[in-house]
Amino acid sequence: MPKIELEIFSPVHHLQHQLFDDKGLKVFIKRDDLIHPVISGNKWRKLKYPLLKAQAEDKTHLVTFGGAYSNHLLATAAAGAKFGFKTTGFVRGEAIENDTLFLCRLHGMQLIFTGRETYRNKPALFEKYFGADEDAFFIDEGGASAEGAKGCSELINELPQAYHHIFCACGTGTTAAGIINGIRRHQLNTTFHAVPVLKNGEFIRGDINKHLEANSALFEMHTDYHFGGYGKITPPLIDFIKTFVAETGILIEPVYTGKMLYAIFDLARKDYFSPGSEILAIHSGGIWGLLGMREMF
């Protein structure tokens, strides 16, 4: 089995924009989308230690979960192919065909479509299908785990400087928890900002707290940038993404990074940040999610 490692190429780029100049802000973006073309961004960071654990336990079959357009499913399929694991993905909902699932299959992943009610109990699904398979290794939806948070915490080690604010989109809270742990470990005077991509996303605070190394940590939540809920988008968000990509050459998608960057621009317009603030946005990858949304552009 190949050694489990990827070269981390994730530079920090300065985002030039008249709005930031007018407000006296310096905004940067960490390009985790460049780590790998498929196992990109927080997907790699969340998979790294679960894969190492699976290998240490002599497991050869990765079993995980996701929706029909899940970047996590695709990243797991690609990681399995690269590092010599068999992969199976439980897909939430009725059987369909799309570009994301095509790429999962192309990387060798077996797909099992599962009714939404049954899908809710993932450990039971794993036990039913693979409880007797000694080679099978459970990876939760989105890579949510303490090991996933550990991988995400390493992002802070790579930063070229300290920032007043760090922003990240949040779905499960694992990436956020890892980054907060990294900030605390390095004793940085940095405020972390979580931008939930789900409606009523305040519940993610509890998910973040589950994976924090300390009992409590202060961080900001911006719950007004979900645009209707997970996977939901509106014309203003689409217009923002089209303008951003055309002006910067940085590809983003509307499920995660697009919403997070929209939040930063909107907060800047509203004078949320003090002049002189230096802000880092985390590009968490996942740009394959654009494949299922082409008609909306």
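**Helices and sheets**

Guide: Helix α8 (residues 174-185) lies across β7, β8 and β10 (278-283), and runs at about 160° to β7. Contact here means heavy atoms within 4.5 Å, and angles run from 0 to 180 degrees between N-to-C directions, with axes fitted as lines to C-alpha atoms, for helices over the stretch in contact. Helices (H or I, at least four residues) and strands (E, at least two) are DSSP runs, numbered from the N terminus.

Visitor: Before we go on, what kind of model is this?

Guide: This is a predicted model, in which local features need pLDDT of at least 70 and side-chain atom pairs count only at pLDDT 80 or more, while totals for chains, interfaces and linings use all residues. Residues are numbered from 1 along each chain as its sequence is written, and side-chain values use heavy atoms, with hydrogens and water left out.

Visitor: OK, and what is the strand order in the open sheet of six strands?

Guide: The order is β1-β2-β10-β7-β8-β9, with mixed pairing, where two strands pair if DSSP finds at least two bridges between them. At the edges stand β1 (12-15) and β9 (220-221), each with a single partner strand, so one side of each has no neighbour in the sheet.

Visitor: How many bridges do β7 and β8 share?

Guide: Strand β7 (residues 165-170) and strand β8 (residues 191-196) pair over six bridges in the parallel sense, and Ile 166 stands opposite Phe 192 in β8.

Visitor: What about the open sheet of four strands, which order does that have?

Guide: That sheet has the order β5-β4-β3-β6, with parallel pairing. Its edges are β5 (110-114) and β6 (136-138), and each has a single partner strand, so one side of each is left without a neighbour in the sheet. On average, neighbouring strands of this sheet are turned by 25° against each other, direction ignored.

Visitor: Which strand does β3 run parallel to, and what lies across the two?

Guide: Strand β3 (residues 61-66) runs parallel to strand β4 (residues 86-92), and six bridges join them; Leu 62 stands opposite Thr 87 in β4. Helix α3 lies across β3 and β4, running at about 165° to β3.

Visitor: Switching to helices, how do α3 and α4 sit against each other?

Guide: The axes of α3 (residues 71-83) and α4 (residues 99-106) come within 8 Å and cross at roughly 20°. The two helices are therefore roughly parallel to each other, since angles under 35 degrees count as roughly parallel, over 145 as roughly antiparallel, 65 to 115 as roughly perpendicular and the rest as oblique.

Visitor: Which residues meet there?

Guide: Leu 73, Leu 74 and Ala 77 in α3 meet Thr 100, Leu 103 and Cys 104 in α4.

Visitor: And α10 with α11, at what angle do they cross?

Guide: The axes of α10 (residues 235-248) and α11 (residues 257-269) cross at roughly 90° and come within 10 Å, which makes α10 roughly perpendicular to α11. Among the residues that meet are Phe 240 and Phe 244 in α10, and Tyr 262 and Phe 265 in α11.

Visitor: Last one: how many aromatic pairs are there?

Guide: The count comes to 20 aromatic pairs, where rings of Phe, Tyr and Trp (its six-membered ring) pair if their centres lie within 6.5 Å, and planes under 30 degrees apart count as stacked, over 60 as edge-to-face and the rest as tilted. One of them is the tilted pair of Trp 44 and Phe 83, with 5.9 Å centre to centre and 35° between the planes. This pair links distant parts of the chain, with Trp 44 in helix α2 (residues 41-56) and Phe 83 in helix α3, 39 residues apart.
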